[in-house]
Amino acid sequence: MPIELRYPDGTIVTHPDGITGIEVARDIGPRLAEAAVAVRLDGHLLDLGRTLDRDGDFAVVTLDDPEGLDILRHSSAHVLAQAVLTEYPGATFAIGPAIEDGFYYDFAVEVPFTPEDLERIEARMRAIVTEDQPFERVTMSRAEALGVFAGHRFKTEIIEAVDPGEVAPGEEVSVYRNNDFIDLCRGPHLPSTGRIPAFRLTRTSGAYWRGDEGRDQLQRIYGTAWASEGDLAGYLHRIEEAERRDHRRLGPELDLFSFPGELGPGLAVWHAKGGQLRKLIEDHSRRLHERFGFEFVFTPHLMKADLWRISGHLDYYAEYMYPGMELDNDQEYRVKPMNCPGHILVYQSRGRSYRDLPMRLSELGTVYRNEKSGVVHGLLRARGFTQDDSHTFCTEDQLGAEIRHQIEFTLKWHRDFGFDERLVEAELSTQPEKSVGDQARWEISEKLLARALDELEVPYRIAPGEGAFYGPKIDIHVRDAIGRRWQMGTVQLDFNNPERFGLEYTTSANTAETPYMIHCAKAGSLERFMGVLVEHYAGAFPMWLAPVQVTVIGVADRHHDYAVTVAGRLGTAGLRVEIDESGETVGDKVRRAITQKHPVLLVVGDDDVANGTVGLRLYGEERDTRGVALDDVVASLTEMARIPE
RNA sequence: GCCGGAGUAGCUCAGUGGUAGAGCGAGCGAUUCGUAAUCGCUAGGCCAGGGGUUCGAUCCCCCUCUCCGGCUCCA
């Protein structure tokens with residue numbers, strides 16, 4: 001029975017039954033056959049040597065395809081495991097998938113790997129690649145497989161579980177063999193180890209078996225693999241670029257913030273420049289909250305423990321809360337990890353009617369969370385931070401419009417900081433297995449959250465069951481200047497707190513109703529947001545955010561008075577200006593301003609004093625413009641420094 | 001919290017079982033210069049903290065703290 005394959009260009013070609021993927025590829029073209037690493041038949045990836053036994057959409061997969069890279073990385077993981085099992089007798093292996101940009105493999109070994117081990121393993125891997133060992137696919141029964149992997153307890157566990165995610169369905173399992181190395185695997189793989197063009201082992205770490213803290217701690221080795229040495233170099237360059245942008249490095253360098261050891265982990269101090277930046281961001285936050293109809297409230301950092309008992313935090317969140325302190329006749333107090341209970345008390349301070357709703361309460365609320373010691377990470381994961389937090393109380397009728405309103409706000413917020421529509425993605429997390437709250441409310445809310453995203457044309461994916469137990473949520477993610485994805489703001493429904501606190505409003509029919517409560521943070525944590533901003537802009541902030549917008553440099557000391565005049569004019573126009581008064585050379589002063597990433601540099605010399613002009617150089621530009629009239633500079637810089645409308 | 005790595009001047013890093021060095025930065029002096037580093041001098045270190053081994057420890061061992069890479073967690 002011949003089979004009909006439809007190629008990506010739409011043509012349908014008939015082939016004899018039993019033809020293999022590589023044979024079809026050869027039939028299409030010898031160069032394609034050479035580049036081929038696998039084929040795809042109706043969405044299923046198959047090894048090149050597998051026979052094709054049915055009609056379907058057919059495509060040859062090469063290393064230019066994302067799937068091709070996944071296969072390359074997966075095969076690289078096998079070679080890694082082969083190298084480790086060869087070099088370290090007694091080692092056993094767990095799982096080794098492809099991940100973004102690379103792969104890893106988890107091992108159980110007597111002694112953890114050292115950087116020297118990594119070199120040794122990498123050398124062995126190179127030898128395996130040079131030997132160009134073919135990957136051979138073999139299927140066998142579970143019983144046989146249990147025999148093959150006897151003594152490898154993790155593999156045995158996988159086979160016994162017959163996890164459909166890791167092993168082909170049914171009783172048969174597939175394994176891949178190259179030389180005497182054999183691994184349980186669904187495949188597909190490269191035709192042979194020699195088809196790995198470029199790889200590098202990058203680091204080691206501990207990892208738990210099955211990701212479970214309570215189970216074996218394994219040794220994980222990470223690597224990266226690419227279609228060419230050039231791609232590998234490009235990847236390593238991107239890593240360097242990310243390091244260059246690291247906010248933990250730029251923060252102190254640009255005098256923005258630091259984490260003094262005396263304070264304790266995860267606690268930052270903001271220096272004057274970072275304080276200026278933060279003030280600008282907070283000002284913008286308040287401006288927009290006001291424009292979007294929010295009211296400002298303030299709640300204390302310390303509240304009676306009973307409040308956290310009512311809210312349920314002491315039941316569900318206690319491990320993140322700092323220990324209580326006993327005051328006034330054994331009254332226990334807690335530092336707040338969240339702002340919600342405070343805002344609820346504001347709501348509850350008097351009887352509310354439907355006429356009060358929607359009530360949007362916001363606060364730049366500083367909270368403290370006792371993050372585990374191993375997870376604090378600069379501003380991105382701090383123990384003390386400030387949320388641009390808000391809690392909105394509304395009726396069911398208002399809910400749809402309100403959700404949309406808050407998402408619009410969040411989008412506007414990100415747009416203003418350089419994350420436009422193209423860089424924003426959302427994630428809609430729905431009801432988990434264990435949840436509280438009225439089922440009807442869950443359904444209505446999830447529907448309205450999705451509808452708002454549709455209407456606002458925000459691309460999103462649904463994370464089924466990933467919502468908090470108290471309500472569904474939308475998380476806003478952005479991609480930064482080098483393509484990394486960050487989770488930023490969030491819009492969350494909360495069915496738990498209104499119930500626990502017994503919130504009510506009086507309807508027009510004079511009945512009591514429980515309001516909907518929407519938790520929304522636009523930036524999330526200001527600290528985290530600013531950390532991401534630093535990395536996004538690589539410390540070179542746009543004019544309106546730059547702590548120092550303009551540096552004025554006199555060519556020689558005799559130009560100092562004129563420099564002061566220029567700075568005065570700019571300052572009067574509302575610009576943030578510094579004069580470099582050091583006795584250094586012009587070249588050195590220019591370099592310092594550039595190193596500090598100041599957006600605008602004005603150099604003034606004899607000609608400028610005589611003509612009322614300046615020499616203008618913008619950050620990121622190699623050239624400068626001489627003899628620009630001071631009035632023009634004031635006008636154009638003021639325009640450049642405009643706050644987003 | 002767990003696994004691994006690392007802590008030497010403000011920063012980036014050399015260094016040795018016999019009580020420490022460079023570059024940058026800082027201060028001072030000279031230089032007065034037109035767009036990415038002018039020259040010189042000076043100051044600055046409980047070598048993360050504590051304990052041990054040793055005649056002697058920054059160096060070797062143990063503990064603690066902090067940071068880094070992951071894991072885990074992420075109401």
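## Basis of the description

Helices (H or I, at least four residues) and strands (E, at least two) are DSSP runs, numbered from the N terminus. The structure is a predicted model, in which local features need pLDDT of at least 70 and side-chain atom pairs count only at pLDDT 80 or more, while totals for chains, interfaces and linings use all residues. Residues are numbered from 1 along each chain as its sequence is written, chains are lettered from A and ligands numbered from 1 in the order in which they are written, and side-chain values use heavy atoms, with hydrogens and water left out.

## Overall architecture

Chain A contains 20 helices and 33 strands. Along the principal axes, its C-alpha atoms fill a box of roughly 85 × 75 × 55 Å. Of the 645 residues in chain A, 50% are buried (buried means under 20% relative accessible area, exposed over 50%, and partly exposed in between, with a 1.4 Å probe and protein chains only).

The domain assignment, which is automatic or taken from a database, divides chain A into domain 1 (3-62), domain 2 (69-240), domain 3 (257-301 + 336-536) and domain 4 (550-640). A distance of 58 Å separates the C-alpha centres of domain 2 and domain 4.

## Lys-412 in helix H13

Helix H13 spans residues 396-416 and includes Lys-412. Lys-412 counts as buried because its relative accessibility is 9%. Its side chain makes a polar contact of 2.9 Å with the side chain of Asp-416 (a pair of N or O atoms within 3.5 Å; within protein, one must be able to donate a hydrogen and the other to accept it, and residues adjacent in sequence count only if both atoms are side-chain atoms).

Apart from neighbours within four places in sequence, Lys-412 is in contact (heavy atoms within 4.5 Å) with Leu-288, Arg-291, Phe-292, Pro-644 and Glu-645.

## Backbone features in loops

Two cis peptide bonds may be described together. One joins Gly-187 and Pro-188, with omega about -5 degrees; Pro-188 is placed in the loop between strand E11 (181-184) and strand E12 (198-208). Another runs from Leu-357 to Pro-358, with omega near -5 degrees, and Pro-358 lies in the loop between helix H12 (340-348) and strand E20 (359-368).

Positive phi values occur at Asn-179, at about 50 degrees, and at Asn-329, near 50 degrees. Asn-179 is in the loop between strand E10 (172-178) and E11; its relative accessibility is 48%, so Asn-179 counts as partly exposed. Asn-329 is in the loop between E18 and strand E19 (331-335), and counts as exposed because its relative accessibility is 79%.
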